[in-house]
Amino acid sequence: MRTAHLPRAILSGGGAVGRLGALLDNLQLRRPLVVADTFLASPQSGAVSKVVDALSPTVKDFAVFTDTISDPTTESVARCVDALHRGNYDSIVALGGGSPMDTAKAAAVLSTHGGKMRDYKAPFMMDTPSLPIIAIPTTAGTGSEATKFTVITDSETNEKMLCIGLAYLPIAAILDYELTLSKPFRLTADTGIDAICHAMEAFVSAKANPISDGLARSAMSKLSKSLYTACHNPSDGAAREAMLIGSCEAGMAFSNSSVTLIHGMSRPLGAAFHIPHGMCNAMLMPWCTSFSAPGAVARYAEASRIMGLCETGACDEAAALGLHKSLQKISKDLSVPTLAGFGIDEAVFRKAVPAMASAALASGSPNNNPIVPQVRQIEELYHEIWDHGLQQATA
């Protein structure tokens with residue numbers, strides 16, 4: 001028996017954020033807290049102002065919280081929980097990329113059920129309803145507006161905790177591509193590759209199912225056709241909309257199957273060296289795909305064909321086992337930095353590898369991989385990624 005969980009409503013299109021007030025009214029939510037970040041509240045962005053304008057005609061009692069940080073921690077989430085308690089809010093409007101959304105999701109659970117975030121980390125499943133969330137993404141990448149996951153770093157242990165359950169699934173999402181038009185090249189590229197990771201991992205996961213498969217196929221098609229245009233011609237509305245919808249589809253896909261080795265290795269790497277999540281996945285994707293493809297040749301071959309990354313008429317083996325080279329080209333074309341290029345010291349990285357590999361395997365995500373790795377193999381992959389970066393630098 002299979003079960004799929006999706007948001008109750010998804011509104012999309014240019015200017016869709018203007019329908020926020022009516023959506024809240026239909027859901028009988030009267031006191032929302034808008035959770036964003038300081039940039040989105042600035043005149044340069046104007047995103048918070050658009051949300052406030054959309055709320056004002058129908059919702060009179062709301063507030064804006066912008067004290068969120070990139071890669072949220074238990075300390076930063078606690079500030080949002082305090083804000084929710086002070087205002088006695090009945091809902092959250094989560095505006096932004098993955099970090100404000102992760103903050104909002106975690107705060108919704110803690111404000112409703114109490115305890116500490118580490119009480120809820122995987123494999124614990126938090127399915128009891130919490131404060132309802134309406135999610136409005138301003139980047140096309142995380143798909144967080146349609147997933148039952150949040151990732152929070154424990155301020156005491158520096159562990160990047162994956163938390164899972166229906167309590168984190170927004171009840172509604174608004175996909176307004178106009179909010180993404182101003183996103184810079186680096187952010188567009190990294191979050192776009194992150195979305196491709198979501199779709200491809202969902203498609204090859206051991207937990208893949210007919211519903212997630214359909215969403216993943218559609219997402220891979222949209223994302224692969226739009227990524228370069230969105231990066232190099234950021235005002236192209238059609239490309240931006242395709243990226244945003246594809247990202248949401250990818251989010252729904254992996255939320256109803258799972259991510260695999262890429263994300264398993266990404267979380268500890270990002271936590272150890274403060275690499276943005278999307279960039280981390282972009283660094284890892286070609287190498288994890290090379291390792292995994294022999295375990296699901298037909299699936300990776302289909303993914304390669306959907307994304308136009310193999311020769312027309314290529315056999316399954318050629319399409320699957322050559323996919324990592326095409327993914328390397330995407331990373332090179334879009335200037336994804338190497339680990340050394342990001343500023344990481346080699347000795348510090350090498351020393352951190354055993355702990356990162358153990359944390360990656362302990363997260364559970366690699367267990368869904370077509371080839372389930374051992375700790376030693378994950379260590380070898382981390383070292384291989386560093387070594388390839390050195391080869392690039394000296395080429």
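This is a predicted model: local features need pLDDT of at least 70, side-chain atom pairs count only at pLDDT 80 or more; totals for chains, interfaces and linings use all residues.
## Sheet, helices and salt bridges

Trainee: How many bridges hold β4 and β5 together, and in which sense do they pair?
Mentor: Five bridges, in the parallel sense: β4 covers residues 91–96 and β5 covers residues 133–137. Two strands count as paired if DSSP finds at least two bridges between them. Helices (H or I, at least four residues) and strands (E, at least two) are DSSP runs, numbered from the N terminus.

Trainee: OK, back to the strands. Which residue is the bridge partner of I92 in β5?
Mentor: That's I133. β2 and β4 run parallel and are joined by four bridges.

Trainee: What is the strand order in the open sheet?
Mentor: β1-β8-β5-β4-β2-β3, six strands with parallel pairing. The edges are β1 (9–12) and β3 (63–65), each pairing on one side only. From one strand to the next, the twist averages 20 degrees. For angles, axes are lines fitted to C-alpha atoms, for helices over the stretch in contact, and values run from 0 to 180 degrees between N-to-C directions.

Trainee: And how does β2 pair with β3?
Mentor: In the parallel sense again, over three bridges, with V34 opposite V64 in β3. β2, helix α2 (residues 47–55) and β3 also make a right-handed β-α-β unit. Right-handed here means that, with the strands pointing away from the viewer, the path from the first strand over the helix to the second runs clockwise.

Trainee: Are the β2 side chains P32, L33, V34 and V35 buried or exposed, and which way do they point?
Mentor: All are buried: P32 and V34 point one way from β2, L33 and V35 the other way. The scale is relative accessible area, with buried under 20%, exposed over 50% and partly exposed in between (1.4 Å probe, protein chains only).

Trainee: Which strands does helix α4 lie across?
Mentor: β2 (32–35), β4 and β5; the helix covers residues 98–113 and runs at about 165 degrees to β4. Helix α7 (residues 237–255) packs on the sheet too, touching β1, β5 and β8 (172–175), and its direction makes about 155 degrees with that of β8. Contact means heavy atoms within 4.5 Å.

Trainee: New topic. How many salt bridges are there in the whole structure?
Mentor: A search finds 16. The criterion is a side-chain nitrogen of Lys or Arg within 4 Å of a carboxyl oxygen of Asp or Glu. One of them joins R299 to D213, at 2.8 Å from N to O. That pair links distant parts of the chain, since R299 sits in helix α10 (residues 297–306) and D213 in helix α6 (residues 210–232), 86 residues apart.

Trainee: Is D213 buried or exposed?
Mentor: D213 counts as buried because its relative accessibility is 7%, whereas R299 is partly exposed at 27%.

Trainee: What does E302 form a salt bridge with?
Mentor: R217, with the closest N and O atoms 2.6 Å apart. E302 is in helix α10 and R217 in helix α6, so this pair ties together parts 85 residues apart in sequence. E302 is partly exposed at 28% relative accessibility, and R217 is partly exposed at 32%.

Trainee: Last one: where is V372 found?
Mentor: In the loop between α13 (346–362) and α14 (375–394). V372 counts as partly exposed because its relative accessibility is 44%. Leaving aside neighbours within four places in sequence, V372 contacts P366, N367 and Q377.

Terms used:
Residues are numbered from 1 along each chain as its sequence is written. Side-chain values use heavy atoms; hydrogens and water are left out.
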